[in-house]
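Subject: Structure for your review

Dear colleague,

Please find below the structure that I am handing over to you. My findings follow it, grouped by region.

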Amino acid sequence: MSLKTIYKRKGKIENESESTASSDSTLYMKRSWISILAICGFIGLLVLLGVLQYRWLSQVSEAEIEKQQKRLDSDTEHFAADFNREIQGAYFNFQIGSDAWKKKDWTEFNKRYDFWRSKTAYPSLIKSVVFVENRPDAEPLVYNAEKRTFEPGEVPAAFASLRARFSADATFQPVYDDVPALVTPIHDPIDPVRHIFLREHSGGTPPRVPMPPKFGYLAVILDAATLKDQVLPELDRKYFPEGDFVVSVADKAGTQVFHTSAGTNGADASARLLDVSPDNLMFYTSTDMMPGEGERRSDVFVSKRVESRTLTTDIRGDGAGGIMKIEVNRGQGPKTTVLERTNPDAVGFWTLQVQHRAGSIANFVAGAKRQSLAISFGLLGLLGAGILLIFISAQRARTLAQRQIDFVSSVSHEFRTPLAVIYSAGENLADGVAKEEGQVTRYGAMIKGEGKKLSGMVEQILEFAGADSGRRKYNFRETDIGDVVNDALDECMPMLREKQFDVETDISNDLPSVAVDRDALSGAVQNLLQNSAKYSNGTKWLRLSAASANGRVRIAVEDHGIGISRSDLRQIFQPFFRSKAVVDSQIHGSGLGLSLVKQIAEAHGGKVYAESEVGKGSKFTIDLAAEKSEI
């Protein structure tokens with residue numbers, strides 16, 4: 001077998017190696033597409049789940065707004081009802097007939113006063129009780145709780161203006177919120193009481209109900225401090241104990257009477273306070289008070305039954321409206337009757353406003369919705385990120401596994417090539433084909449060269465395995481970097497001369513001594529020189545430089561070879577990586593060289609980086625600290 005035949009066999013083996021690598025690459029691409037489609041499907045499902053979660057939370061939020069609004073309305077109504085119940089107790093309880101006032105018999109009033117004090121939770125609610133007859137010159141009588149009589153005395157300062165207001169029919173109203181005070185007219189006669197239902201009429205002048213004449217007025221002056229400091233705060237703690245709502249009470253003029261914080265700039269719910277209109281009325285009728293036969297009308301219906309309701313009608317017949325109220329207290333205590341017209345628009349109500357601290361219930365629920373969405377989307381995002389990271393990790397593991405397979409395949413073929421040459425050359429020598437001295441020498445040189453290649457590949461693999469496992473030990477000593485660089489160049493010069501490379505050097509003479517592993521660093525520089533020669537693309541030029549500046553030592557190898565694409569620059573220092581352009585160019589290698597250079601540089605506390613442009617060449621730089629006492 002001639003040398004020509006041996007080299008043909010070598011080329012055939014190399015072609016088979018590249019064909020196998022190409023087939024493996026195609027299979028890997030197919031598997032990658034399947035993984036990408038799977039991850040897209042998972043992400044699509046997560047997006048769908050996120051949309052469904054958003055719609056579900058929106059529906060839950062709407063239901064929650066409605067639920068909280070109903071609860072707030074109920075609590076606000078109960079708040080107002082409890083407050084108004086105290087006010088109504090002070091208003092209706094002391095209404096007695098005019099006979100007692102004419103006779104100055106205070107027995108009935110005292111019973112009612114005692115009854116009120118036994119039932120109320122706020123005995124200090126009533127500040128003063130004043131009676132005055134319906135005469136301009138009548139002297140007010142003030143109730144003396146100790147003597148249990150009405151007698152002339154010092155009246156509250158606000159009573160004079162209050163009397164002028166309630167004495168005139170046009171300005172009369174049962175509640176005066178600015179004082180505050182409750183005023184009840186004393187009719188003459190008032191007992192027995194008649195109650196008349198007014199049937200709905202289709203047109204014409206509405207019926208009018210004549211009102212009994214007024215004998216006087218009973219004014220109940222309330223204690224504003226008790227209302228503000230006791231009644232309202234206790235009701236706030238009762239119905240809004242969590243403090244989630246701001247409670248504000250304002251009078252008819254809009255002045256704040258009570259608030260739990262800075263007040264409200266709106267209201268989720270509102271109600272009227274100081275409302276003396278009872279929801280349920282109990283009354284009795286007496287035929288003695290009914291109109292006579294000549295007075296009966298078709299639109300008036302008289303009932304003798306006990307009823308419980310509120311009657312609101314235009315009792316004056318002037319279209320201005322009015323309320324006629326009749327009540328008899330149920331259970332224990334004296335019976336009470338009221339018969340009076342009032343103008344609802346003139347009544348001095350307080351307004352209770354309740355607002356959520358978030359600005360409104362809708363704002364609170366929207367905030368809770370945003371928080372829930374943030375948590376749920378965060379969980380979905382974490383799930384998606386986890387899936388993506390698993391996919392990336394799997395892809396990297398697959399890529400590494402594929403590179404390892406490619407490495408094993410490549411190394412196997414790399415081993416096969418020199419082994420085939422060695423085997424063929426040895427066979428020729430053994431068979432006596434090569435007998436001439438020159439021919440034997442050539443065969444020997446061929447075997448030596450291929451054996452050296454095998455030895456270099458084995459050493460590189462063992463070196464990578466030791467460094468990757470962390471078992472490799474470095475022998476750091478103070479060494480002149482210039483000597484290390486020159487030793488590396490000397491080792492590579494035979495190969496560079498054989499390939500006829502023009503080598504430029506720029507090695508500074510004042511390079512410092514650094515604690516390095518001389519053999520390891522020299523091997524890293526040799527690796528860079530060999531790579532520059534391997535990927536020269538026919539351009540036989542490279543440059544080796546070493547310089548010191550700013551406390552750093554930089555060793556650089558530069559060539560005008562095939563260059564590296566920007567996308568491959570991020571991966572060239574990874575183990576087993578070989579770019580597609582290199583594989584397509586059928587340039588042999590294991591993909592371990594630059595990875596070893598990176599490991600050695602980092603073991604010395606430095607780094608390695610590359611600058612390259614496709615078609616114009618590359619520059620690799622090992623950057624080390626100039627001062628290194630120990631590693």
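A residue is called buried here when its relative accessible area is under 20%, exposed when that area is over 50%, and partly exposed in between. The model is predicted, and every value below was computed from it.

By that cut-off, the buried residues of helix H3 are Phe109, Asn110, Arg112, Tyr113, Phe115 and Trp116. H3 covers residues 107–119, 13 residues in total, and spans 19 Å from its first C-alpha to its last, close to the 18 Å expected at 1.5 Å a residue.

Overall composition

The protein chain contains 12 helices and 23 strands. Of its 631 residues, 42% are buried. Its accessible surface is about 33900 Å², and carbon and sulfur atoms account for 51% of that area.

In soluble globular proteins, nonpolar side chains tend to be buried together. The largest nonpolar core in this model comprises 52 residues, and those with the most contacts inside it are Phe83, Trp101, Phe109, Phe150, Leu182, Leu218 and Leu222. Helix H1 (residues 3–92) gives the most to this core, contributing eight residues. Leaving aside residues up to four places away in sequence, Trp101 touches Ile96, Trp106, Phe109, Phe131, Phe150, Ile186, Phe215 and Leu218. A second, separate core has 39 residues, among them Val514, Leu521, Leu624 and Ala626.

Packing of H9 and H12

Helix H9 (residues 518–534) packs against helix H12 (residues 593–603) at an angle of about 145°, and their axes are 9 Å apart. The crossing of the two helices is left-handed. On the H9 side, Ala520, Leu521, Ala524, Asn527, Leu528 and Asn531 take part in the contact, and they meet Gly593, Leu594, Val597 and Ile600 of H12. H12 is mostly covered, with eight of its 11 residues buried; these are Gly593, Leu594, Ser595, Leu596, Val597, Gln599, Ile600 and Ala601. Just after H12, Gly605 adopts a positive phi of about 75°.

Individual residues

Asn110 lies in H3. Asn110 counts as buried because its relative accessible area is 9%. With residues up to four places away in sequence set aside, Asn110 touches Tyr143 and Arg148.

Arg148 itself sits in the loop between S2 and strand S3 (149–151). Although Arg148 is not a glycine, its phi is positive, at about 60°. Its relative accessibility is 31%, so Arg148 counts as partly exposed.

Leu274 is likewise not a glycine and has a positive phi of about 60°. Leu274 is located in the loop between strand S10 (269–273) and strand S11 (282–283). A relative accessibility of 1% means that Leu274 counts as buried.

Two prolines also deserve mention. Pro136 belongs to the loop between strand S1 (126–133) and strand S2 (141–144), and its relative accessibility of 85% makes it exposed. Pro136 and Ala164 are 28 residues apart in sequence, with 9.6 Å between their C-alpha atoms. Pro180 is in the loop between strand S4 (175–176) and strand S5 (181–187). The peptide bond joining Val179 and Pro180 is cis, with omega about -15°.

With kind regards

How values were computed
Residues are numbered from 1 along each chain as its sequence is written. This is a predicted model: local features need pLDDT of at least 70, side-chain atom pairs count only at pLDDT 80 or more; totals for chains, interfaces and linings use all residues. Side-chain values use heavy atoms; hydrogens and water are left out. Helices (H or I, at least four residues) and strands (E, at least two) are DSSP runs, numbered from the N terminus. The expected span of a helix is 1.5 Å times one less than its number of residues. Buried means under 20% relative accessible area, exposed over 50%, partly exposed in between (1.4 Å probe, protein chains only). Accessible areas come from the Shrake-Rupley method with a 1.4 Å probe; for residues, only the protein chains shown count as cover. A nonpolar core is a set of buried Ala, Val, Leu, Ile, Met, Phe, Trp, Tyr and Cys residues joined through side-chain atoms within 4.5 Å. Contact means heavy atoms within 4.5 Å. Axes are lines fitted to C-alpha atoms, for helices over the stretch in contact, and angles run from 0 to 180 degrees between N-to-C directions. A crossing is left-handed if the near helix is turned anticlockwise from the far one by less than a right angle, and right-handed if clockwise.
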